[in-house]
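Please go through them with the coordinates open beside the text.

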Amino acid sequence: MIDQKIIILISFGYMSLLFAIAFYGDKRAQINKSIISNPYIYALSLAVYCTAWTFYGSVGAASKAGIIGFLNIYLGPTLMMVLGWPVLKKIIRISKINRITSIADFIASRYGKSATVAGAVTIIAVLGIIPYMSVQIKAISTTFRLISRDSHIPLTTGLAPIPVLSDTALYVALLLAVFAIVFGTRHIDATERHEGLVAAIAFESIVKLVAFICAGLFVTYGIFSGLGDLFAQASLVPEISDLFVMEMDASTFVGWYNGLFLSMMAVLFLPRQFQVMVVENVDEKHLKKAIWLFPLYLLAINIFVLPIAFAGMLKFAGQTADTDFFALFLLMAEQQKGLVILVFIGGMSAATGMVIVETIALSTMVCNDLVMPVLLRLSFLKLAQRPDLSQLLLGIRRASILAVLVLGYLYFHFVVKYYALVSIGMISFAAVAQFSPAILGGIFWKGATKSGALSGLLAGFFIWGYTLVLPSLTQAGLPLQNFLTHGPFDLELLRPQHLFGLDVELLGFSPEAHAVFWSMIFNIGLFTGVSLFTRQSEVEQKQAILFVDVFEYSVEAEKSSFWRGTASVGDLRSLLERVLGRKRTKHALKIYARKNQINLEEELTADAGLVSHAEKLLAGAIGSASALVMVRSVVKEEPLGFNEILNILDETQQAIRYSHKLEKITMDLEAANERLTELDRLKNEFISTVTHELRTPLTSVRALAEILYTTPDLDRKRHQKFTHIIIKESERLSRLINDVLDFQKIKSGNIQWEFSRLDFREVIEDSMVSIGPLIEEKNIDLRLRIPETCVEISGDRDRLIQVMVNLISNAVKFCNPEQGRIDILLAVETGQMNVRIKDNGIGISLENREIIFQEFRQVKDTSRGRPKGTGVGLTITRHIIDSHQGKIWVESELGKGAIFMFTLPLVPSS
């Protein structure tokens, strides 16, 4: 359909674009301007979980079993992200402190930095991931062959044997190896982080999502007339309509929950997921957004799985078709070459992203946890004397990438082509699930031992291989049928697919569920049992405490060291230079010296902190097990006993507690100082306000009094006017002085109360007499609504009149100056009376609603300037209402006026 040269050219162009993104990302990281330091890139990088299995295999699974066939594989990660984020956060924190480089390094570090454990985990990971790797090779090579044929659309991928040298898949595997080497093994880093790679993977996640959605939109709205039309036609075909119903028989139930469990474990423990989620994590805070962004991505990329599956079943009904590739077949049938290329690139993105990250993670594990520990123990190689080990490390990693992909190709060539993508992927999921007891148990149970973890891992791995991998090889032509039917030496209890006589048909166990059931029983059982009956070494005990209690000790973990002995600064520097290179070593030690305020050029003997730091730097490049071996080659160590370790931890914890107390005291002092500063500012402002408010009427009274005194023959009209003003300003002075005196009494607690039974209607009437002239002067429309019957309360009449006058005058002050209106409502409720005073003024913002009742506080309006008054009127009002067992508050929005409300208890009727 499409010329092979065009496909190859587009593919290389796309990979070149990815490399450019990665190169740019690395360059930005070198100048401390990371492009991946945001939660969105982090969440997109997690979508490396969506491989060719997702892009092609989900459609195939949906066409066989409907929504049950694929949904659990994506529901599992969603549940893990949403519910298991505390576990993720703990794993990330542990890894950052210990400079963990891989999942093998994590497990080994927890169990005493054991090279044996690291090696076992590496072997399990490599052999367990090879089937998954072969799925990606199958997807790329198969789709390349499908879209490059000139003849009719091939609905099957074919099982005819192809010579190795003529097999497209071989060259796909070799090209993937080249790309992985270019992306991930350009240099040795002390952190094993690849910022450029993460940026490229995030971009790939966008590409595969866009490609799949575009295919889904065309199929749904281009071939059919929307989802309604598509599902209506599908409902008429019995084979498809049966998939609408989720029937949960024993087999479906077990398969569903087995897939759910495996996918929950896979999103954590697949080496590539651990790499992007943990090792490549820039900031723990990014996890907060990723826990909902990543599930959202999974939803988006699966939204058209069922429509494409049903469309393929409708379009190719009665024909033998490889359902995994329905998306391509449908587009090819419609001659949509552009979309075919887009979907091919999307599928390639899904596959290459997985392969590149997975091989980089596995090569790091093979180098750090399998090959280097062995080489370091071979004294005749004299590795400790080599001036530079970086090229050796890079060579091992590059060879590991090539070896893993060649093994992946061989598994594809001899086994995978006989199986659907989903079934092969489940084999790898079952393999990495074997890590769960050692990791989850190790970070929550201090009693877990190296012997227990190793026993569980090896037993679970053996059962996995025996019950799941071995039976899959029969399709490759191995003569194992008699072995599967009768068991080894005709021991039927040991039949691989019916282990210990388990009736899988009765229980509804699929081969995957059967393997997971027995492997996890042996793994968990031995992990727990052996741990209970074995003892930990000193290093194990130390690591167990630091892993389980990571949040207690993480603050001081970089400073503390469970080490005693002697070491030379020069020896440690030389050791670091051999692995990291001179430039990186110089930079790392410079940062350490600046942080700890020491001069390493003058120091001859390294302290415990420097030894620990050097080991962690090495661990970031070659893994914790190899780092421990190399550090021990240049230092003389006196191992600490368990009690000494506990003493150090106790001292560290005491230091942390003391630090927290000092921090709290400092914060309290700072808060108190800020409060005192604020009060001092408000006091000065209050004095300034009161002075201004007193000076204004005094100046007016004095000026008018001088006029009256010096002009005895002043006409009667002007004399009355001036006298009225003097009286008015004198009343204003009295109110100001009374406010200040009342405030002083409230603060000192000397205010006198005269309670009696009274009708609150009379309080309102008396306050209106007092405030009436001001309302008339301002030409304000006042509307009063009060009950006709007595509203009897117990209170201080004068103080309550003061409350009403304060609130009404406040409303007058802030009313609309052009057409002011005030509504006063008195209502009786159950056991209490309610007063509402509403104005049509400027209103009060949400943040100022509580502030206005505080002493000296005034809400300033830029259009009107400083409001009149002392700023204590509402403070006095609240105190009076509180003393009457009432409650006062305000409801308001800016520009919509304000409603001051207060309640007072009624006198119980006799």
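This is a predicted model: local features need pLDDT of at least 70, side-chain atom pairs count only at pLDDT 80 or more; totals for chains, interfaces and linings use all residues.

1. If neighbours within four places in sequence are left aside, F435 is in contact with I103, I107, V121, I124, A125, F269 and L457. As general background, nonpolar side chains in soluble globular proteins tend to be buried together.

2. On the overall make-up, the protein contains 35 helices and 9 strands, and buried residues account for 53% of its 910 residues. When contacts between residues at least 6 apart in sequence are considered, 81% of them join residues at least 24 apart.

3. Helix α2, which spans residues 39-46, is mostly covered, since 6 of its 8 residues are buried. The buried residues are P39, I41, Y42, A43, S45 and L46, and they pack against α4 (72-83), α5 (85-98), α9 (195-223), α13 (271-279) and α14 (286-302).

4. The pairing of helix α7 (residues 115-147) with helix α16 (residues 326-333) is worth a look, as the two pack at an angle of about 15° with their axes 11 Å apart. Because angles under 35 degrees count as roughly parallel, α7 is described as roughly parallel to α16. The crossing of these two helices is right-handed. On the α7 side the contact involves T143, L146 and I147, which meet L328, F329 and M332 in α16; the residues of this contact divide into 5 nonpolar, 1 polar and no charged.

5. Is K113 buried or exposed? Its relative accessible area is 13%, and K113 is therefore classed as buried.

6. The second case is D490, which is likewise not a glycine and has a positive phi of about 60°. D490 is located in the loop between α22 (481-486) and α23 (504-507). With a relative accessible area of 56%, D490 is exposed, whereas K113 is buried.

Terms used
Residues are numbered from 1 along each chain as its sequence is written. Side-chain values use heavy atoms; hydrogens and water are left out. Axes are lines fitted to C-alpha atoms, for helices over the stretch in contact, and angles run from 0 to 180 degrees between N-to-C directions. Helices (H or I, at least four residues) and strands (E, at least two) are DSSP runs, numbered from the N terminus. Angles under 35 degrees count as roughly parallel, over 145 as roughly antiparallel, 65 to 115 as roughly perpendicular and the rest as oblique. A crossing is left-handed if the near helix is turned anticlockwise from the far one by less than a right angle, and right-handed if clockwise. Contact means heavy atoms within 4.5 Å. Ala, Val, Leu, Ile, Met, Phe, Trp, Tyr, Cys and Pro count as nonpolar, Asp, Glu, Lys and Arg as charged, and the others, Gly among them, as polar. Buried means under 20% relative accessible area, exposed over 50%, partly exposed in between (1.4 Å probe, protein chains only).
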